[in-house]
Structure formats: C-alpha cells, structure tokens
Amino acid sequence: MINWRLVVGITLVSAFFIVAIFGPLFAPYEKDFVEPSGYYYNNPDDFGMYASPYPPSKAHIFGTDEWGYDILTLLLYGAKYTIFIGVITAVLRMIIGGFLGMITGLQKKKRRTDNVFGLLGSIPAFIIVYFTMTGIIVNSPLSTGTLIMIQTTVMVLVGIPGVYAAVYSKTTALKQHLYITASSALGAGSIRIAIKHLLPHLQGTFMVMLLKEIILVLSLMGQLGIFNIFIGGTILRLGGPPVYVSITRDWAGLIGQWRSFIFDYQWILFYPLLAFVLLIFAFYMLLRGIELNQKGAFHKYPHI
Amino acid sequence: MRIALSCIGMILGIFLLAAIPLTINISTGSLVWQLDGAWQAMTNYVIGIVNGDSFLFQEGTNRFQDFLKVVPRHFLLSLGYIVLSGLTAVILGMLVSTWYSRSKQEWVKDIIGFLGMIPDFILVLFLQIAVVSVYQSTGWKVARVASKGVHDHAILLPLITLAIIPTIYLIRTLSERAYDVMGEDYILTAKAKGLTKWYIYIQHVVRNVLPFLKADLHKVASIMISNLFIVEYLYNVNGLTKLLFASTGYQFNLTVNALLAFIGLYIVMYAVLRLFIGCLERIFAYD
C-alpha cells in the first residue's frame with residue numbers, strides 16, 4: 001500500500017517551499033498596494049461610500065485588512081520569512097544539539113545533565129525569547145536582517161537543550177549494542193562512532209525529530225507574535241490606540257497583529273490562521289508518513 | 001540538598017531572565033551590553049526586600065501598588081484554572097489512553113497527534129472565532145469569548161484550551177506505555193489463568209502505567225504553565241499573566257515577583273496533581 005501520508009506531506013511541503021521562494025511572483029498586487037476608499041453615486045436613491053476592510057471578493061480573494069492591503073499578497077510576501085526561519089532554526093538546533101548529544105552520550109563517564117536542563121526546560125521557551133527581544137524589537141533602529149539573525153540565534157539556543165537531551169538518551173541506549181563495543185575495541189574514537197555507526201541508525205529518528213522541531217519553532221514564532229514580538233521587527237504606532245505592525249509580514253506576525261479581529265471582519269484573522277495551520281499540517285503529514293514508514297521492526301504486540 | 005540547590009538555581013535564573021531587557025540595549029543604532037544597570041536593579045531588589053520597596057510596583061502613571069496585597073487574587077484565579085484543567089487532563093488521559101493504545105485505526109492517531117501539534121494560540125483564536133460566528137448566525141451564546149472584568153469570567157473556553165493540550169500529550173505517552181505493558185509476560189500469564197479482560201486492565205495494566213504518569217507529571221505541569229501565559233493573555237483572564245505583561249514600561253521588581261509567583265503556582269499545582277495520583281495509587285496499587 002502506498003503511504004499516502006508521505007505523498008500528501010511531500011506535496012504540501014514542496015508547495016509551501018515554492019510559495020516561499022516564488023511567492024511574490026504569484027502575488028496579485030504590489031506589496032504596498034492599498035485599495036482606495038471612495039464613494040459612488042448612481043442616482044439620488046443609490047449612493048454611498050465604500051472603505052476598507054473589504055470582504056473576500058473576486059478582486060481580493062482573501063479580502064483586505066483594515067487599511068486596504070490585500071491579505072493574499074501580504075501572505076505571499078511574508079511566506080519566506082516564516083517558512084525559511086522555521087526550517088533553518090530547526091536544522092541548526094538539530095545539528096548542534098544532535099552532535100553534542102551523540103558525543104557526550106558516547107563518553108564513558110555518566111553525567112548528571114538532567115538536573116540543569118530540567119530546570120531550564122521548565123521555563124517556557126517563548127518567555128526567554130520574549131525577555132531577550134522585548135527591549136530591542138519595537139521600533140528598532142537595527143536593520144531587519146540583524147534582528148532576524150538575533151532572533152534566530154536566540155531561538156536556536158533555547159531549543160538546543162531539548163534536542164540534546166533526546167539525542168543523549170537515544171545514544172546511551174544504542175551504546176549497549178555490540179557493534180558499538182566492537183568498534184570502540186578496534187580503537188574508533190567517539191566522533192567516528194557517531195558518524196559511522198550512530199548516524200545511519202538514527203537517521204529516521206533525526207528526520208522525525210527535525211520535523212517536530214520545525215513545528216515547535218513555528219509555534220514558538222506564533223506565540224511571540226501574540227506578544228507583539230514579530231520576526232524581523234515590530235513597528236509600534238502611537239497616537240490613538242497603539243497599533244503593532246510586522247515589518248516583514250511573516251505569518252506569525254500577521255496573526256499577532258490581527259489577533260483581535262474575532263468579533264468583526266473575521267476574514268482578516270481567519271485566512272492567515274488557516275495558512276499557518278495548513279503549514280503545520282503539511283509538516284505534520286510528512287512527519288506521520290516517515291514515522292509510519294519506519295515503524296514496526298522492534299515493536300512488541302499486545303497479548304490482550 | 002538537591003531541592004535546595006534547584007531552588008537557588010531557579011531564583012538565580014529568574015533574576016537573570018528579568019535582567020536581560022536591562023542588559024541588552026540599543027544606543028546610537030547598535031546593540032550594547034550594559035551590565036551595571038542590571039546589577040543595580042538586582043542589588044536594589046535585595047536591599048528592598050527588607051523595607052518592602054521591592055514589592056511596590058507602578059500602575060498607570062503615578063499609582064503604586066503593593067504586590068503582596070494584589071497577588072493572592074491573581075494567584076488563586078490562575079490556580080483555579082490550572083488545577084481544574086490539570087485534573088481533567090489526568091483523568092481523561094488515563095481513561096482514553098487504554099482504549100487508544102488498542103485502536104488499530106491510524107487515522108485516529110493522525111487526528112489526535114495533529115491536535116497535539118497545533119499551537120495553543122491557534123486553538124484559542126479558532127475557538128473564539130467559532131463562538132462568535134455561531135452567535136452571529138444563530139444568536140446562541142455558547143460561551144464567553146473573553147473575561148470582561150473582575151466578576152465576569154470566561155470559564156469554559158480557557159478550561160477547554162488549557163486541558164486539551166496536556167490531555168493529548170498524556171494520551172500519546174501513556175498509550176505507548178500501556179501498549180508496552182500489554183506486551184509483557186505477566187499479562188500473558190494473567191490471560192492464561194483465565195482472568196477477565198477488565199480485571200487485567202484494572203489490576204495489571206493501570207497500576208503499571210501509573211508510575212509513568214507520575215514520572216511525566218513535571219512535563220505535564222510545565223506544558224500547562226507555558227500554555228497558561230497564552231491562554232490568560234488571549235482570554236483576558238485576570239490571573240498572574242496580567243501582572244507580568246500588563247505593566248507600564250518595564251519594571252524589574254514586578255517581573256521578578258511575578259515570575260516567582262509562577263514558580264509558586266507550579267509547585268502548588270504539581271502538589272495537587274501528585275496528591276491526586278497518590279489517591280489513584282491507593283485505589284489501583286494498594287499493596
């Protein structure tokens with residue numbers, strides 16, 4: 001039987017990558033196009049005015065936001081930030097945490113790492129990132145690129161302990177196998193064992209972990225967006241009720257800046273939310289497909 | 001000894017965390033590290049504990065409140081939400097996981113797994129939109145979308161959101177454990193003796209899954225605390241999160257105090273859940 005989850009996952013994820021790379025080409029409007037407000041007058045009984053936000057229509061498939069920006073266009077322009085930063089952060093977490101975990105796991109002496117990391121792990125990741133970014137992100141004089149670099153670095157650092165602990169425990173379990181003992185008896189160092197013996201064995205696990213990390217990073221970005229920490233910088237407009245705007249228009253930021261549109265004009269919030277959920281769904285399907293592909297070999301079966 | 005060390009570590013961690021915004025600053029367009037401001041704030045806090053200055057925080061432009069007087073109300077509200085949803089999560093998790101571990105349908109696992117992957121804020125926003133659109137199309141008010149004031153609490157939606165994520169986490173982990181337990185030899189022995197299925201579940205499966213639940217409790221508690229921030233913020237609940245995020249400007253003392261209160265919340269909730277599992281142990285694993 002064909003693993004349809006894998007097919008769906010691969011299709012969706014590659015579609016999202018295409019959107020991320022070529023998104024601006026598909027966009028129906030320019031990035032800073034604003035649908036103008038105006039009035040119409042046909043006859044004395046039929047007149048009035050129209051103003052943004054415009055509901056979804058043929059001209060604006062997802063509608064426009066409160067200032068008249070086309071939501072589909074903003075989503076297409078912002079996709080690259082959300083998707084690439086999510087993937088790159090997760091990959092960096094996996095590389096650094098995985099490497100450290102394998103090397104320390106292979107070392108002879110036992111370490112008590114769970115204590116320190118357990119404590120740090122109980123502070124939610126987004127609180128740590130929030131406190132790091134809160135002073136410098138709003139109306140920041142730093143460039144968008146610099147801010148993204150800082151944010152990515154912090155998000156990587158926050159995630160490393162989790163990856164490290166998981167890989168460490170997997171490595172210590174695998175270390176019991178005879179082929180590791182044989183290899184180290186032949187004089188192989190821990191780096192060689194890690195690359196030649198552990199990596200091939202852990203490949204599938206790493207892939208699953210990477211996808212899980214991507215989803216975790218995406219939801220971390222979303223949580224930060226809720227607290228007005230947007231990827232690439234937040235613009236705060238005062239004078240009237242404070243308005244927070246995402247510079248890069250990344251999806252988490254769009255959700256964050258529009259999160260109060262639950263009572264009226266719900267399309268403004270609904271479509272970015274839908275896009276975000278679909279993104280997570282794509283990675284999740286891929287994850288399930290890979291999981292099911294490699295399931296089975298070592299499992300016990302229940303007696304009742 | 002170890003507990004004391006972790007407590008000291010945690011308090012130090014909170015101090016450092018709260019000091020980060022004072023340390024990282026921007027002046028003339030570039031990042032600068034300013035350690036003396038943070039150091040000053042920390043020493044002021046320690047000195048201020050004696051005369052009570054550390055517990056004053058600014059509200060609005062010129063009103064000062066005593067943190068110790070304000071905090072019990074917020075704390076109890078947060079505690080109520082989190083304990084209720086925590087107990088729900090543990091009960092539902094135990095009940096569903098035994099059934100779930102036997103289910104062969106992969107699509108059930110797909111759905112439950114996906115629900116577990118959806119971030120909390122998306123769940124909150126979707127629930128809010130759903131409630132509003134149900135109201136707009138039928139005129140039927142299902143639940144409050146957000147708390148409106150001190151006496152008008154949103155109850156149903158925050159509890160659902162808070163309970164759903166740990167429940168799914170528990171279902172996933174406990175069902176794996178239950179699956180493993182059911183493959184053990186003592187289950188086969190019990191089956192060979194002709195014991196009924198229910199008897200085996202209650203006497204052997206549940207009691208062997210309980211230790212795993214106990215071991216997972218810290219993880220459940222930390223998941224719930226991190227959800228609590230988002231849930232309270234988005235539902236406008238007047239809990240501890242209000243103290244942490246709704247201040248005017250950045251106040252070091254207030255942040256430290258609020259984070260310490262969160263630790264207190266964590267400990268109390270953990271104790272309550274632990275007590276509950278202790279009761280379950282009296283029922284299922286009493287010898």
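I took contact to mean heavy atoms within 4.5 Å. The model I am reading is a predicted one.

**Entry 1. The interface**

I looked up the contact between the two chains. Chain A puts 54 residues into the contact, and chain B puts in 51. Together chain A and chain B bury about 5,000 Å². I noted that 75% of this area is on carbon and sulfur atoms.

Next I asked how many salt bridges run between chain B and chain A. The count is two. I then looked up polar contacts between chain B and chain A, and seven residue pairs came up, both partners at pLDDT 80 or more. On the side of chain B that touches chain A, helix α5 (residues 120-138) of chain B gives the most, with nine residues. I sorted that side of chain B by class and found 31 nonpolar residues, 11 polar and nine charged.

**Entry 2. Asp110(B) and its partners**

I took Asp110(B) first. Its side chain meets that of Arg5(A) in a salt bridge, at 2.5 Å from N to O. This pair crosses between chains: Asp110(B) sits in helix α4 (residues 106-117) of chain B, and Arg5(A) sits in helix α1 (residues 4-26) of chain A. Are these two residues buried or exposed? Asp110(B) and Arg5(A) are both buried.

Asp110(B) also forms a salt bridge with Arg288(A), where the N to O distance is 2.6 Å.

**Entry 3. From Arg288(A) to Glu291(A)**

Within chain A, Arg288(A) forms a salt bridge with Glu291(A), and their closest N and O atoms are 3.4 Å apart. Both residues belong to helix α9 (residues 267-293) of chain A, where they are three residues apart, about one turn of the helix.

I checked how accessible each one is. Arg288(A) counts as buried because its relative accessibility is 8%, under the 20% cut-off. Glu291(A) has a relative accessible area of 25%, so I wrote it down as partly exposed.

Which residues are linked in the network of salt bridges? I listed Arg5(A), Arg288(A), Glu291(A) and Asp110(B).

**Entry 4. Val208(A), beside Glu291(A)**

I looked up Val208(A) next, and found it in helix α7 (residues 190-226) of chain A. Val208(A) is buried, because its relative accessible area is 8%. In sequence, Val208(A) and Glu291(A) are 83 residues apart, yet their C-alpha atoms are 6.8 Å apart in space. Leaving out residues up to four places away in sequence, I found that Val208(A) touches Leu287(A), Ile290(A), Glu291(A) and Gln294(A).

**Entry 5. A salt bridge within chain B**

I also looked at a pair in chain B. Asp180(B) and Arg177(B) form a salt bridge, with 3.9 Å between the closest N and O atoms. Why are they separated by about one helical turn? Asp180(B) and Arg177(B) are three residues apart in helix α6 (residues 156-182) of chain B, so about one helical turn separates them.

Asp180(B) counts as partly exposed, at 36% relative accessibility. Arg177(B) is also partly exposed, and its relative accessible area is 30%.

How values were computed:
Residues are numbered from 1 along each chain as its sequence is written. Chains are lettered from A and ligands numbered from 1 in the order in which they are written. This is a predicted model: local features need pLDDT of at least 70, side-chain atom pairs count only at pLDDT 80 or more; totals for chains, interfaces and linings use all residues. Side-chain values use heavy atoms; hydrogens and water are left out. Buried area is the accessible area (1.4 Å probe) that two parts lose on being put together, summed over both. A salt bridge is a side-chain nitrogen of Lys or Arg within 4 Å of a carboxyl oxygen of Asp or Glu. A polar contact is a pair of N or O atoms within 3.5 Å; within protein, one must be able to donate a hydrogen and the other to accept it, and residues adjacent in sequence count only if both atoms are side-chain atoms. Helices (H or I, at least four residues) and strands (E, at least two) are DSSP runs, numbered from the N terminus. Ala, Val, Leu, Ile, Met, Phe, Trp, Tyr, Cys and Pro count as nonpolar, Asp, Glu, Lys and Arg as charged, and the others, Gly among them, as polar. Buried means under 20% relative accessible area, exposed over 50%, partly exposed in between (1.4 Å probe, protein chains only).
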